[in-house]
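User: I want to go through the labels on this model one by one. For each, tell me what backs it up.

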Amino acid sequence: MPADADRLSAARRALSEAESLAGASGLSPRPSSADGAGPGEVAGPRSPASSADGGRGAGGSDPDPHAVARRIVLRQLAMGPRTRRQLEDKLRDRGCESDVARRVLDRMTEVGLVDDESYAEMYVRSKQETKGLAAGALRHELRQKGVPDEVVDAALEEVDPEREKEQARELVARRLRTMRGLDREVQTRRLAGFLARKGYGPGVAYQVVREALDELPENRRD
C-alpha cells in the first residue's frame, strides 16, 4: 500500500540519519570480540548471518554484525509488516547474536519501523474486513505472532460487538447459499462450526444461525 511504502521510506531515512549522527559522535556500534577480532585477538568464525547477508567488508574483514542484522530486518519489512517477535525469530534463525538483535530492533523501534501497536491495529482492521474474523480468532493469531497481551487487548478494544454480530450474519448468509436442501440440524451444526473457526462465541453463533434459518422460506410459519 502507498501509505505503508511512504512510512517505510520515512523510517529508513530517519534510521540513516540517526546512525550518521551516532557515527559522528563516536557512538556507532562496533563488533564485539565474538564478531570481529580486535588488536591482538584471533577472529572467530563468521556467523551464518554474516556469510549469507553481509559478505566481507573492506579489506576482507568481517562485516559489522549490526549492519548485517539491519539488512535482514529491512528485507523482512520490505515484504510486509512484522512484529518484533517475528523479527527476533528471523534474526535468530540467521545466526545473529541476541544482543545484536536487541540493539538493532531497539533502534528500529525508535524510528517507527517496528511497532507492535500499529501492527496489531492494522491486523485487526484487515482481518475483520477480508476474513470476517471475530475478536477470539484475532486474539489467538496476534498472540501467535508474538504481540504482547496488553497490546492485543488495546487493539481489540476497537472491536464493536454489534458490528461483529452483523459481520457474522453476513458470513452465514453467504455460506447458507451452499447449504440449501440440507436438514436444518445439519445446517445449524455446520454454520455454528464455521463461525466458531472464525472466532465467534457460541452465544453469538447460535443466535445468528437460528435467525438466519428462521428466515428461510421453508422454515417460515404462516
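User: Which residues is Q128 in contact with, leaving aside its neighbours within four places in sequence?

Analyst: There are four to name: L133, L138, V159 and Q167. Keep in mind that this is a predicted model. Contact here means heavy atoms within 4.5 Å. Q128 itself sits in helix 6, residues 116-131.

User: Why is Q128 called buried?

Analyst: Its relative accessible area is 18%. Buried means under 20%. The value falls under that cut-off, so Q128 is buried.

User: What makes V151 count as buried?

Analyst: V151 has 13% relative accessibility, and the limit is under 20%, so V151 counts as buried. The residue lies in helix 8, residues 149-156. Setting aside neighbours within four places in sequence, V151 is in contact with D116, E117 and A120.

User: What about V152: why does V152 count as buried?

Analyst: V152 comes out at 0% relative accessibility, and buried means under 20%, so the label holds. V152 also lies in helix 8. Residues up to four places away in sequence aside, V152 touches R139, L142 and V147. Its C-alpha atom is separated by 10.0 Å from that of Y119, 33 residues apart along the chain.

User: Why is L77 called buried?

Analyst: L77 has a relative accessible area of 9%, which is under 20%, so L77 is buried. Its place is in helix 3, residues 65-79. L77 and L87 are ten residues apart in sequence and 8.9 Å apart in space, C-alpha to C-alpha.

User: How much of the protein chain counts as buried?

Analyst: Of its 222 residues, 34% do.

User: How do helix 4 and helix 5 pack?

Analyst: Two packed helices are described by the angle between their axes and the distance between the axes. Here the angle is about 145° and the axes are 11 Å apart. Helix 4 covers residues 84-93 and helix 5 covers residues 98-110. The crossing is right-handed.

User: Which residues make that contact, and how do they divide by class?

Analyst: Helix 4 brings R84, L87, E88 and L91. Helix 5 brings A101, R102, L105, D106 and T109. By class, the contact has four nonpolar, one polar and four charged residues.

User: What does UniProt list for residues 69-108?

Analyst: The unreviewed entry gives "domain: RecX first three-helical" for that range. In the model, the chain over residues 69-108 is 80% helix and 0% strand. The end C-alpha atoms of that stretch are 11 Å apart.

User: How many helices and strands does the protein chain have?

Analyst: Eleven helices and zero strands. Residues 24 or more positions apart account for 60% of the chain's contacts with a separation of 6 or more.

User: Where is pLDDT lowest and where is it highest among the elements?

Analyst: Helix 2, residues 48-54, has the lowest mean pLDDT, at 50. Helix 4 has the highest, at 97. Over residues 21-48, pLDDT stays under 50. The model has 27 contacts beyond four places in sequence for that stretch. The mean for the protein chain is 80, and 71% of its residues reach 70 or more.

Conventions. Residues numbered from 1 in each chain as written. Predicted model: local features only at pLDDT ≥ 70, side-chain atom pairs only at ≥ 80, totals over all residues. Heavy atoms only, no water. UniProt positions renumbered as here; feature names shortened; annotations may be inferred. Helix = DSSP H or I, 4+ residues; strand = E, 2+ residues; numbered from the N terminus. Axes fitted to C-alpha atoms, helices over the stretch in contact; angles between N-to-C directions. Left-handed = near helix turned anticlockwise from the far one by under 90°. Nonpolar A, V, L, I, M, F, W, Y, C, P; charged D, E, K, R; others polar. pLDDT = per-residue confidence, 0-100. Buried < 20%, exposed > 50% of the residue type's maximum accessible area, 1.4 Å probe, protein only.
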